[in-house]
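Hi,

Here is the structure I promised to pass on to you. Please open it beside this email and look at the places I mention as you read.

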Amino acid sequence: MITKLFSSTVILGILASGIRLATPYLYAAIGETFGQRSGVLNLGVEGQMLLGAFAAFYVSWRTGNLWLGLLAAIIVGAVMGLAMAFVTVNLHAEQGISGIGFYLFGLGMSDLLFQKLVGTVKTIQGFPALHIPVLSDIPVLGEVFFSHNILVYGAYALVPIAWFVLNKTTLGLKIRSIGENPQAADSLGISVAAVRYYTIIQGGILSGIAGASLSIGLLNVFQQNMTSGLGFIAVALVYFGAWRPLGVLGGALLFSMVNAFQLWLQVLGVPIPSDLAVMLPYVLTILVLVAAASKVRAPSALAKPFEREA
Amino acid sequence: MSHKQDVLPSARAHIETVEMRGITKRFPGVLANDHVDFDVHAGEVHALLGENGAGKSTLMKILYGLYQPDEGEIYINGQPVTIHSPSDAIRLGIGMIHQHFMLVETMTVAENVALGLPSSRGFLTDLDVVSQRILALADIYGLKIDPNAYIWQLSVGQQQRVEIIKALYRGASLLILDEPTAVLTPQEVDELFAIMRQMTQDGHALIFISHKLHEVIEISDRVTVLRDGRKIGTRPTSETTKSALANWMVGREVALTLDREPVEVGDVRLALENVHCGSDRGTPGLRGVSLEVRGGEILGIAGVSGNGQRELAEVITGLREVTEGKVILEGEDITALLPGERTDRGLSYIPEERMKDGIIQDFTVAENLILREHHKPPFSYRGFLNQRFISQHSAELIRAFRIKTPSQKTLAKNLSGGNIQKIVLARELARHPRVIIAAQPTRGLDIGATEYVREQLLEQRRQGVAVMLISEDLDEILALSDRIAVIYEGQIMDILPNENVSVERLGLLMAGVREPAEAQA
């Protein structure tokens, strides 16, 4: 059985599903990266994802149009982001606590709506795999890299875009300065509130898409608490990735590869308790975060509400 | 258009005069500015002088758009203007160099300058263009700077230049300098003054906020004094003197020189032998510091901020681990002792950050006064606090140290900075210490409170206590110390007796230059 684990089919299978599984983490963690670089800690990612997942599933199920479903997830994410922005920017709420509040709201609300509007678990036809011409015909590699659905490609395209926006644009300069020293940005006439509204709403939208990538892309169902901690892992990946899109990508891949590995362990019936296998990626996260803790520095103004005073 | 033309301030509307008339600003319970008139014109340095809380900063924040006045008008070149935000002020040609630099440490000089400005490439940054313009500007005003350096790599003086460039880059015609010399070495102050003179010759108007009288006399053309939110008057600087300004500022006679009478010096109370330690940034904090402080003397530690002063205080008080070397208190090696054990042996500490390390803000005055000794009789018995004695004790200290507080049950955070420092002093001095470490004991205090703190330290010296005074204010070091040790990058450059020491010599030592010859080389 152990030898089976190292057969090429299994290894390729792990790679392919690892790449696919990284999708929701990438959307959510890139969104969170923008928020944190501007000094806002959003712990409500999980709640935003759940509502996004439900909205995408429900609208797709009712209309049969996956794109409308995706749009619904985007709108729901944006509204959640707007609420989060109001609470943290205007009301100066403690970000960690209000984030947990938004998580619980999303958890309860998505389940309530599911019970009332759907009732029982139903599956739908999600976004189909998009075989990229020529590239997907490459033996082995084609299957691993170029036969995923559109949301998977979108997640990977987001990484260089995020890097570019943060490092090469005036908007990115503003975001970074506000996360480090909002007083300095304010003294130069930059609206700290406007930039934080932007990053929080964008984070909400990306969390919504992350949810949709589960409910109408990877799993194609909606269930109560279907994200099961995924949004919190995404927040951890931002720390793991040292607030850089490329680092986040590395973290998301590592995490989802280990996850894929433990899934295959169970599929192949390797005789270790499944609970232990499921723990593997989480234990890894903790270990890597501990190892990385002393080396990276968070944005100085992270989780600090901004008020003009000196 | 050439780059050189691009960078000249003439790109903006030139400010000939700025007038503030009848400015009033109220905060809850405080009248920060009470019908203040103030004006400045091109080609002059107008000094704004006053104690903390006199309303200088409020007035300037109004001019820079950070606050809105409740009453009063502002005129630029005779035209009324309203300034709602810093971006309005920048558009009108007003720039401000804040006391606490408004720089993003993790970004480069060019990024800091470009921040918030439209880019020539639309939504993409144009840092190479910005860098070229910075170099051109730097050339005109003699400001040496590397546009690609990160802020955290720069010295305080260099960071200040970045702030000046930031303002000039935005076409500032009027520059407000808020206590710009507070953090500089004497040489850096000279350089800043040279830059300021260059700017006034170029037609800039400068407002210089300070409470250092000799600097005001040296650099300004006119001086306005504020007290308790009101304007006391404006005079040409040439028609006034240091002592006249001091009396104006405080509203009574002030002794500008302290009486440091000779005291017999006793035994060595505190000694450091080749002490090494780390710093919060992971770099070495102290690198082989050796020194001694004797009873009845004040050893001044001079140096530019961030050269190991904090680490020095912390290794002595036991808050930071010594990696090599020994700390000796009255002959006993205390290197391995806990902070509390050092306290019990007669070490007192007046910490640099009085709000953070000196008091517990949400504790009452009485509670703050017993922080050191609360666990011992007569303050407590078997774990129970003796409220009657505590109350009696704090009443005595409040009287003896003239702490202005509504009651001993008032929360410490509600007192003024000077009175908070008096709480710290009362707690640390009333226990008859053997050695006192005083770190920046008068920073941010007004003249009255500063005078009081300095007198208390001199009184301890008279009583034979060994005092280490760590201060970035060279005037304070010179006024109080018997000997002066200069610290630079975690090392003691030299220890000089405080007799006819030249400020230039100290300044060079503070900049890391040991021999005058090195400076010329």
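First, the ground rules. This is a predicted model, in which local features need pLDDT of at least 70 and side-chain atom pairs count only at pLDDT 80 or more, while totals for chains, interfaces and linings use all residues. Residues are numbered from 1 along each chain as its sequence is written, chains are lettered from A and ligands numbered from 1 in the order in which they are written, and side-chain values use heavy atoms, with hydrogens and water left out.

**Where the chains meet**

Contact here means heavy atoms within 4.5 Å. In chain A, 22 residues are in contact with 27 residues of chain B. The two chains bury about 1900 Å² between them, 65% of it on carbon and sulfur atoms; buried area is the accessible area (1.4 Å probe) that two parts lose on being put together, summed over both. Leu173(A), Ser187(A) and Leu188(A) supply 31% of what chain A buries against chain B, more than any other three residues.

How many salt bridges are found across this interface? The rule finds 1, a salt bridge being a side-chain nitrogen of Lys or Arg within 4 Å of a carboxyl oxygen of Asp or Glu. Glu111(B) and Arg176(A) form a salt bridge, with their closest N and O atoms 3.0 Å apart. It runs from helix H4 (residues 109-114) of chain B to helix H8 (residues 170-180) of chain A; helices (H or I, at least four residues) and strands (E, at least two) are DSSP runs, numbered from the N terminus. Glu111(B) is buried, at 9% relative accessible area, and Arg176(A) is buried too, at 10%. Buried means under 20%, exposed over 50%, and partly exposed in between (1.4 Å probe, protein chains only).

**Salt bridges within chain B**

Over all chains the count is 38 salt bridges. One of them joins Glu71(B) and Arg26(B), at 3.1 Å from N to O. Glu71(B) lies in strand S4 (residues 71-76) and Arg26(B) in strand S1 (residues 17-27), so this pair ties together parts that are 45 residues apart in sequence. Glu71(B) is partly exposed at 33%, as is Arg26(B) at 44%.

Glu373(B) also pairs with Arg431(B), the closest N and O atoms being 2.7 Å apart. Here Glu373(B) is buried at 18%, and Arg431(B) is buried at 18%.

Finally, look for the network of salt bridges that links Arg310(B), Glu352(B), Glu353(B), Arg443(B) and Glu472(B).

Best wishes
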